[in-house]
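Reader: I'm new to this one. Can you walk me through it?
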Amino acid sequence: MAQYAFYPGCTLHSTGVEFGASTDRVCDTLGLELLEIPDWNCCGASSAHSMDHDLFLALPARNIAQAQLVPLDGDDLSLAIPCAACFSRTAAADLALRQDPAFRAQMESVLDFQFTGRIRPRNLLDILANDFSPAQLTAHLSNPLEGLKVVSYYGCLLVRPPAYTDRWDDPEHPQSMDFLLQLMGAQPVPWSYGVDCCGGSLTLNRADVVVHLVDVLARAAIEAGADALVTACPMCMANVDGRQKYRGELPLPRPPKPDYDPLPIFYFTELMALAYDLPMLKVLARHLVDPRPLLKRLEIL
Amino acid sequence: MEPDLSFVEQVSELSQQNVRRCYYCLRCSAGCPAAYAMDVTPAQILRLVQLGQKDTLLRSSAIWLCIGCETCGTRCPNQIHAGAVIDALRHLALKDNVPAAEKSVFRLHKAFLSTIHLWGRLHEVSMLAQYAATNLASRAVFGNIDMGAALFLKGKLELLPHRTQDMDQVRQLFSLGEEPHHDD
């Protein structure tokens, strides 16, 4: 059984609960053991990055120190991180610990640890697409996603900036998710918006910007002929799933609806779980845009 | 206003970006998802830094509307990360107590960080409560009631927080900025 240190991040039990549940099930099925790092803290997300440069690197640096406590042997270990933003923040701190001796000395003193550099932060999509062979990935395929046309939506921080991501996939034309979804029997269709931004943390304070960006994404996906959009990020999910329906305007009088049917959004791990025929009905019921009618029509569910 | 010609040096050093290399090809502004809503776009920001227009920049809405998506820096032919330049400008604005042009953005970041200071991990309900309390005058709060209710009914907002045990250590990280700095 392959073992990975694991940083779930704050949203995997709350707004990203579908990502957490499907990740657990898919990893179990593939024999990938996720060892949660002890007593972890928030990565700081957009807010530490925006408000306090020291905190922006220090919060994820503490998680790297905690990850070193996970009992794993070897020199080329991975810290698996599902959320794209958590991955980016942790990768930034890892890079600073490797390249900035003053920062490293400060963190080692404040956090009372010694940085070994044995554990590399990697996002879950990278791990599933690159550490497993196509034969391993399809060994449990019992419910291929035939007829499901999707667009792969990578968003920002999964592939950018290249300095943090170490170019695990191309920053402008990533393909890992398309590759995985194709193995699951789905049909990824080409589109030009795979690395465009959903608006991130502006969703609660400038909902108008996020509604606009999500509208662009949904229209582009529909124009490309997709039935659904697939993401690897809880922030993207919250925005693209939520802001198609809830437009950030006062609930009364009822705000205008878009002139298209809202597009169902999936985490890539949810589609893998469906293709492996794992129980997903309760998980899928928690989306704001209900994806079940589409899956029933295609006899996937 | 009088251009401050030392400003470009200050911002270049703070951001670790050679702002003088910008030749205004506009790829950053063309790819920026929030440029349409900004008062000055990323390429204009780089130009204004070159021209020492500190006041305009620190008072701009743009430094608060940058999402940090890194499209600009990834595409720049001169390897300038406009996002890092904008981060440096925002930090200067905070240091000089320049009022944020996008107050709701500022208040949400504040509420987010105080939640982390309290629990070590994000607890959406605590964060939303503080954001709402500090931002009552803005309609940004009331426009989110329907989505908040929907998330709650789907069981996606937890009432009780999960917390980090070693909060002393986490809180120590919040005071690093007050101690002597590492070079960054």
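Author: Let's start with a term. Two residues are in contact if their C-beta atoms, placed from the backbone, lie within 7 Å. Keep in mind that this is a predicted model.

Reader: Okay. How many residues does the contact take from chain A and from chain B?
Author: Chain A brings 53 residues and chain B brings 56 residues.

Reader: Which helices of chain A each supply at least two residues to the side that touches chain B?
Author: Four are listed: helix H2 (45-51), helix H3 (53-67), helix H5 (101-111) and helix H10 (207-223) of chain A. H2(A) gives the most, with seven residues.

Reader: And how do the residues on that side divide into nonpolar, polar and charged?
Author: On the side of chain A that touches chain B, 28 are nonpolar, 15 are polar and 10 are charged.

Reader: Let's zoom out. How many helices and strands does chain A have?
Author: Chain A has 14 helices and eight strands.

Reader: What about chain B, how many there?
Author: Chain B has 12 helices and zero strands. Read from the N terminus, its elements go α-α-α-α-α-α-α-α-α-α-α-α.

Reader: What does chain A span along its principal axes?
Author: The C-alpha trace of chain A spans about 55 × 45 × 30 Å. Its radius of gyration is 19 Å, which agrees with a compact globule, because a globule of 301 residues would have a value near 19 Å.

Reader: And what box do the C-alpha atoms of chain B fill?
Author: Roughly 50 × 40 × 30 Å, taken along the principal axes of chain B.

Reader: Now contacts inside a chain. What share joins residues 24 or more positions apart?
Author: Take the contacts with a separation of 6 or more. In chain A, residues 24 or more positions apart account for 80% of them. In chain B, the figure is 65%.

Reader: Which domains does the assignment give for chain B?
Author: Domain 1 (7-95) and domain 2 (103-175). The C-alpha centres of these two domains of chain B lie 28 Å apart.

Reader: Switching to backbone details. Which peptide bond in chain A is cis?
Author: The bond from A:Arg160 to A:Pro161 is cis, with omega near -15 degrees.

Reader: Where does A:Pro161 lie?
Author: A:Pro161 lies in the loop between strand E5 (149-152) and helix H8 (162-165) of chain A.

Reader: What is the phi of A:Asp112?
Author: A:Asp112 has a positive phi of about 55 degrees, although it is not a glycine. A:Asp112 lies in the loop between H5 and strand E4 (119-123) of chain A.

Reader: Is A:Asp112 buried or exposed, and why?
Author: A:Asp112 counts as exposed, because it has 9 C-beta neighbours inside 10 Å, and the cut-off for exposed is 12 or fewer.

Reader: Back to chain B. What is the phi of B:Gln16?
Author: B:Gln16 has a positive phi of about 60 degrees, and it is not a glycine either.

Reader: Where is B:Gln16 placed?
Author: B:Gln16 is in the loop between helix H1 (7-15) and helix H2 (27-31) of chain B.

Reader: Why does B:Gln16 count as exposed?
Author: B:Gln16 has 12 C-beta neighbours inside 10 Å, so B:Gln16 counts as exposed.

Methods. Residues are numbered from 1 along each chain as its sequence is written. Chains are lettered from A and ligands numbered from 1 in the order in which they are written. This is a predicted model: local features need pLDDT of at least 70, side-chain atom pairs count only at pLDDT 80 or more; totals for chains, interfaces and linings use all residues. The radius of gyration is taken over C-alpha atoms; the globule rule is 2.2 Å times the number of residues to the power 0.38. Ala, Val, Leu, Ile, Met, Phe, Trp, Tyr, Cys and Pro count as nonpolar, Asp, Glu, Lys and Arg as charged, and the others, Gly among them, as polar. A residue is buried if 20 or more other C-beta atoms lie within 10 Å of its own, exposed if 12 or fewer, and partly exposed in between; C-beta atoms are placed from the backbone. Domain bounds come from an automatic or database domain assignment.
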